[in-house]
Every structure is written in C-alpha cells, then in structure tokens.
Amino acid sequence: MKKPIRLFIFLISLHSMADSSRCDETLLKELNFAINEAEDRGDRRWLEEVLAPELAFRRASGAIVGREAFLRDVKPRGHSKFEIETIDLYHANRAIVTGK
C-alpha cells in the first residue's frame with residue numbers, strides 16, 4: 001500500500017529569501033521543513049508570514065485546500081515526520097514540492 005503524498009504548491013519570491021550563494025532547491029527544502037515544524041507547533045502566525053497569498057495544498061486525504069483553509073486548520077499536533085520526494089522549479093517564483 002502506498003503512503004499518502006502531501007503536495008505543496010508555493011508561489012514565493014525565492015530571491016527575497018536567498019543569499020546569492022544558495023540555490024533555490026536548498027532554500028525550498030529548508031522552507032518546507034520549517035513549514036512542517038511550524039505546523040507541528042501550531043504556529044499559525046509564522047505560517048501567515050511565510051506562506052504566499054496563492055497556495056494550494058493537497059492533504060494526505062487527497063483534499064486540496066487553499067491558504068485560508070490551510071491556516072484555519074493549523075493546530076499543535078506534536079512531531080510529525082516529513083520527507084521531501086521531489087522539487088520542481090518553475091520560473092523564478094514558483095515551485096511544486098511533493099513529500100510525505
């Protein structure tokens with residue numbers, strides 16, 4: 001049986017986060033792990049600051065939620081394991097990150 005996959009679609013400005021010596025993929029990995037940790041803590045305020053206005057998120061259940069629904073559901077949940085499977089970069093400010 002396959003494990004459910006979480007899919008994040010971010011519209012972000014990597015250049016505003018980056019120091020020029022670090023690649024976009026490394027920044028996206030760090031950002032996704034930080035987002036998962038914030039979700040574990042229930043840190044809605046931090047997530048509101050870092051998530052782009054346009055966000056699509058597919059839950060393990062298969063449901064796709066936008067930014068507001070994602071943030072509304074954030075509650076402390078304890079530690080969860082998160083593994084990044086793929087990162088696909090599109091132009092300078094779009095990426096699809098899949099993980100489980």
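1. A residue is called buried here when its relative accessible area is under 20%. By that cut-off, helix α2 of this predicted model has L27, L28, L31, N32, I35, N36, A38, E39 and D40 as buried residues.

2. Helix α2 covers residues 24-41. After α2 comes G42, with a positive phi near 75°.

3. D40 belongs to α2. Its relative accessibility is 10%, which is under the 20% limit, and D40 therefore counts as buried. The D40 side chain has a polar contact of 2.7 Å with the side chain of S80. Leaving out residues up to four places away in sequence, D40 touches K75, P76, R77, G78, H79 and S80.

4. E39, another of the buried residues of α2, has a side-chain polar contact with R59, at 3.1 Å. R59 sits in the loop that runs between β2 (55-58) and β3 (64-66). R59 and K100 are 41 residues apart along the chain, and their C-alpha atoms are separated by 9.8 Å.

5. How many aromatic pairs does the structure hold? There are two. One is formed by F33 and F82, in an edge-to-face arrangement with 5.8 Å from centre to centre and 75° between the planes. This pair links distant parts of the chain, since F33 is in helix α2 and F82 is in the loop between α4 (67-72) and β4 (84-90), 49 residues apart. F33 has a relative accessible area of 35%, so F33 is partly exposed. F82, at 8% relative accessibility, counts as buried.

6. The other pair is F57 with F70: the ring centres are 4.9 Å apart and the planes meet at 55°, so the pair is classed as tilted. An angle over 60 degrees would be needed for edge-to-face, and one under 30 for stacked. Here too distant parts of the chain are linked, with F57 in strand β2 and F70 in helix α4, 13 residues apart. Why do F57 and F70 count as buried? F57 does so because its relative accessibility is 1%, and F70 because its relative accessibility is 1%.

7. D40 reaches S80 through a side-chain polar contact, E39 is joined to R59, and F33 pairs with the ring of F82.

Key:
Residues are numbered from 1 along each chain as its sequence is written. This is a predicted model: local features need pLDDT of at least 70, side-chain atom pairs count only at pLDDT 80 or more; totals for chains, interfaces and linings use all residues. Side-chain values use heavy atoms; hydrogens and water are left out. Helices (H or I, at least four residues) and strands (E, at least two) are DSSP runs, numbered from the N terminus. Buried means under 20% relative accessible area, exposed over 50%, partly exposed in between (1.4 Å probe, protein chains only). A polar contact is a pair of N or O atoms within 3.5 Å; within protein, one must be able to donate a hydrogen and the other to accept it, and residues adjacent in sequence count only if both atoms are side-chain atoms. Contact means heavy atoms within 4.5 Å. Rings of Phe, Tyr and Trp (its six-membered ring) pair if their centres lie within 6.5 Å; planes under 30 degrees apart count as stacked, over 60 as edge-to-face and the rest as tilted.
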